[in-house]
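Have the model open as you read.

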Amino acid sequence: MADDGEGFRGRIEFVEERRGYRRWPDELKARIVVESFCPGARVVDVAARHGIAARQLSSWRRQARDGALALPADAVANLEGADAPAFVPLVVPDLSGARPPADPPPPPADETPKVIEIEFGDLTVRMRESIPDERLERLIRTLGRAS
């Protein structure tokens with residue numbers, strides 16, 4: 001590329017912005033979606049080749065996965081192992097002879113939770129021993145500022 005004398009090297013490309021909605025036939029959408037599922041294909045590249053936004057192609061791919069956009073059988077057959085929508089068999093194990101999981105043992109009735117008491121003047125704060133250290137520190141600092 002030659003320098004234009006003003007320090008610019010490169011090329012300028014003008015892209016006309018499309019306005020308004022375009023209607024795409026389902027058959028054409030399906031072909032573009034199938035192309036995007038081919039090995040090595042990137043959604044952004046396929047979308048640019050067809051003059052659509054990548055988010056639009058992603059939406060069509062989602063529709064195909066959800067069954068809202070039918071893909072041609074011959075095109076899907078050619079994908080072989082690509083990231084194409086497919087049905088996965090559901091296997092449900094036979095649990096008829098299985099025992100339900102055992103309930104955890106109840107805590108001993110004679111054990112009561114241990115309680116911490118903090119006294120600040122007329123105020124007494126009681127809390128369980130299991131209070132997280134960070135929360136206890138915040139509480140003590142807050143009470144110290146308030147007194």
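## The tryptophan pair

Does Trp24 count as buried or exposed? Trp24 counts as buried, at 18% relative accessibility (buried is under 20% relative accessible area, exposed over 50%, partly exposed in between, with a 1.4 Å probe and protein chains only). Trp60 is buried too, at 2%.

A note on the source: this is a predicted model, where local features need pLDDT of at least 70, side-chain atom pairs count only at pLDDT 80 or more, and totals for chains, interfaces and linings use all residues. Residues are numbered from 1 along each chain as its sequence is written, and side-chain values use heavy atoms, leaving out hydrogens and water.

Rings of Phe, Tyr and Trp (its six-membered ring) pair if their centres lie within 6.5 Å; planes under 30 degrees apart are stacked, over 60 edge-to-face, the rest tilted. That rule gives one aromatic pair. The ring centres of Trp24 and Trp60 sit 5.6 Å apart with planes at 70 degrees, so the pair is edge-to-face. Trp24 is in the segment before α1 (26-37) and Trp60 in helix α3 (residues 54-66), so the pair ties together parts 36 residues apart in sequence. Helices here are DSSP runs (H or I, at least four residues), numbered from the N terminus.

## How α1 meets α3

The axes of α1 and α3 come within 10 Å and cross at roughly 95 degrees (axes are lines fitted to C-alpha atoms over the stretch in contact, with angles from 0 to 180 degrees between N-to-C directions). That makes α1 roughly perpendicular to α3, a term covering 65 to 115 degrees.

On the α1 side, Lys29, Ile32, Val33, Ser36 and Phe37 meet Leu57, Trp60, Arg61, Ala64 and Arg65 of α3, with contact meaning heavy atoms within 4.5 Å.

Key. Helix = DSSP H or I, 4+ residues; strand = E, 2+ residues; numbered from the N terminus. Parallel < 35°, antiparallel > 145°, perpendicular 65-115°, else oblique.
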